[in-house]
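Have a look at the fold before going on.

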Amino acid sequence: MDLLDSSADGRTAVVVFGAYGHTGRFVVAELLARGLTPVLSGRDAGRLEELAQAHGGLDVRPASVDDPDSLDSALAGAAAVINAAGPFATTAAPVVEAALRAGIPYVDVAAELEAVADTFAQHADRARVAGTPVVPAMAFYGGLGDLLATAAMGDRRTADEVHIAYALSSWHPTTGTKESGRVSRQRRGERRLVFAGGRMEARTAPARPARWAFPDPVGERAVVGEFTMADSVTIPRHLSVRDIHTYMSTEAVADLSAPDAPPPAPVDERGRSAQTFLVEVVVRAEGRERRAVARGQDIYAVSAPLAVEAVQRLLRAPGRPGGVLSAGEAFDAADFLRALAPHILVELHPEAGPADGRH
């Protein structure tokens with residue numbers, strides 16, 4: 001089967017599992033915008049049909065993670081699958097297994113660091129032997145930080161410290177985010193996971209408050225330290241890093257933690273919320289530092305071009321090695337980030353300068 005001509009109308013068919021979810025809808029729209037053919041999949045046939053009709057009629061293939069045969073039917077004849085259905089602790093393994101059986105690339109938008117770690121641990125060997133690429137966390141949390149850190153490091157592959165600081169103007173969580181967070185908390189209890197000393201460790205002591213001097217126009221902000229996301233799992237898979245420090249703006253944490261937190265509200269024709277973000281990555285090695293900055297609107301919306309760009313690149317290079325791969329390992333990080341414009345505006349400062357200790 002020619003992966004670049006796998007659908008009835010000659011375009012590439014990409015299954016979107018969880019297509020009717022908040023992020024899944026952005027993924028479907030992004031596939032269509034790029035001339036690809038989304039195949040809509042998930043548990044709720046009614047919601048799939050409704051979404052299909054909203055786009056003028058798309059292929060609908062209901063499937064459940066509890067029914068491997070239904071997943072095989074959903075992926076039959078497709079070129080790739082994007083999993084946008086959380087919690088990924090439940091959905092990732094069954095959909096990865098189905099992708100391996102079908103012999104097609106798998107990409108997901110998981111932010112759950114435990115689920116991402118599971119994907120590496122459980123599927124790396126089989127994916128490598130099968131020659132099938134599996135790229136988890138190809139989204140705002142995970143893939144973006146990984147790409148920024150990799151691009152900032154330039155030709156280096158080792159660092160003493162990687163700092164990833166998130167400034168979100170707000171964070172109104174989706175239903176999927178709330179459920180994924182609940183599952184993660186169940187798994188780790190009162191512990192926080194932090195990558196330190198070259199390994200992931202659990203901590204129970206409260207994170208100390210901190211401040212981060214973000215680039216203009218955000219400026220210096222109070223942040224919550226040790227706000228570990230999926231990039232702390234993916235980065236060490238291909239870069240030798242001693243410590244990864246992560247920070248989240250306190251306003252965003254307060255929004256996320258509110259018991260009555262509202263969902264994102266669309267403000268434009270693309271369905272994006274008014275939320276804006278700035279991510280700064282600082283890599284330090286041997287007393288020198290390199291930086292990368294990303295800016296954009298709506299962390300859920302920008303996960304779609306990240307995931308779809310990944311799928312397109314995997315399909316353009318079908319001979320690339322299989323295995324479970326992080327974003328910076330699978331792709332040319334700087335080139336990938338440039339391709340995300342205008343969705344994400346990126347500044348790279350890979351020339352090493354002296355560490356100034358401003359953070």
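## Aromatic pairs

First, the rule for rings: those of Phe, Tyr and Trp (taking the six-membered ring of Trp) pair up if their centres lie within 6.5 Å, and the planes count as stacked when under 30 degrees apart, edge-to-face when over 60, and tilted for the rest. By that rule, this predicted model has nine aromatic pairs. One of them is Phe140 with Phe277: the ring centres are 4.8 Å apart and the planes sit at 65°, so this pair is edge-to-face. It links distant parts of the chain, as Phe140 is in helix H6 (residues 140-153) and Phe277 is in strand E13 (residues 276-285), 137 residues apart. Both partners are buried: Phe140 has a relative accessible area of 1%, and Phe277 has 4%.

Tyr141 lies in helix H6, while Trp171 is in the loop between strand E7 (158-168) and helix H7 (175-188), so the pair ties together parts that are 30 residues apart in sequence. Tyr141 and Trp171 are both buried. Which residues make up the aromatic cluster? Phe140, Tyr141, Tyr166, Trp171, Phe227 and Phe277 form one cluster.

## Glu161 in strand E7

Strand E7 also holds Glu161. Is this residue buried or exposed? Its relative accessible area is 18%, and the cut-off for buried is under 20%, so Glu161 counts as buried.

What does Glu161 touch? Its side chain makes a polar contact with the side chain of His163, at 2.8 Å. Setting aside neighbours within four places in sequence, Glu161 is in contact with Arg242, Asp243, His245, Val282, Val283 and Arg284.

## Helix H3 and its buried face

Helix H3 covers residues 68-75, and Ser70, Leu71, Ala74 and Leu75 are buried there. Looking down the axis of H3, the buried residues fall within an arc of 130°, so they line one face of the helix. As background, an α-helix has 3.6 residues a turn, so residues three or four places apart point the same way.

The cover over the buried residues of H3 includes strand E1 (13-17), strand E2 (37-42), strand E3 (59-62), strand E4 (80-83) and helix H4 (88-102). Just after H3 comes Gly77, with a positive phi of about 80°.

Helix H5 runs over residues 113-130, which is 18 residues. At 1.5 Å a residue it should span 26 Å, and its end C-alpha atoms are 25 Å apart, so the two values agree.

After H5 comes Gly131, where phi is positive, near 70°.

## Pro318 in a loop

Pro318 is in the loop between helix H10 (303-316) and strand E15 (323-324). With 57% relative accessibility, Pro318 counts as exposed. How far apart are Pro318 and Gln53? They are 265 residues apart in sequence and 32 Å apart in space, going C-alpha to C-alpha.

How values were computed:
Residues are numbered from 1 along each chain as its sequence is written. Side-chain values use heavy atoms; hydrogens and water are left out. Helices (H or I, at least four residues) and strands (E, at least two) are DSSP runs, numbered from the N terminus. The expected span of a helix is 1.5 Å times one less than its number of residues. Buried means under 20% relative accessible area, exposed over 50%, partly exposed in between (1.4 Å probe, protein chains only). A polar contact is a pair of N or O atoms within 3.5 Å; within protein, one must be able to donate a hydrogen and the other to accept it, and residues adjacent in sequence count only if both atoms are side-chain atoms. Contact means heavy atoms within 4.5 Å. The arc is that of the directions from the helix axis to the C-beta atoms.
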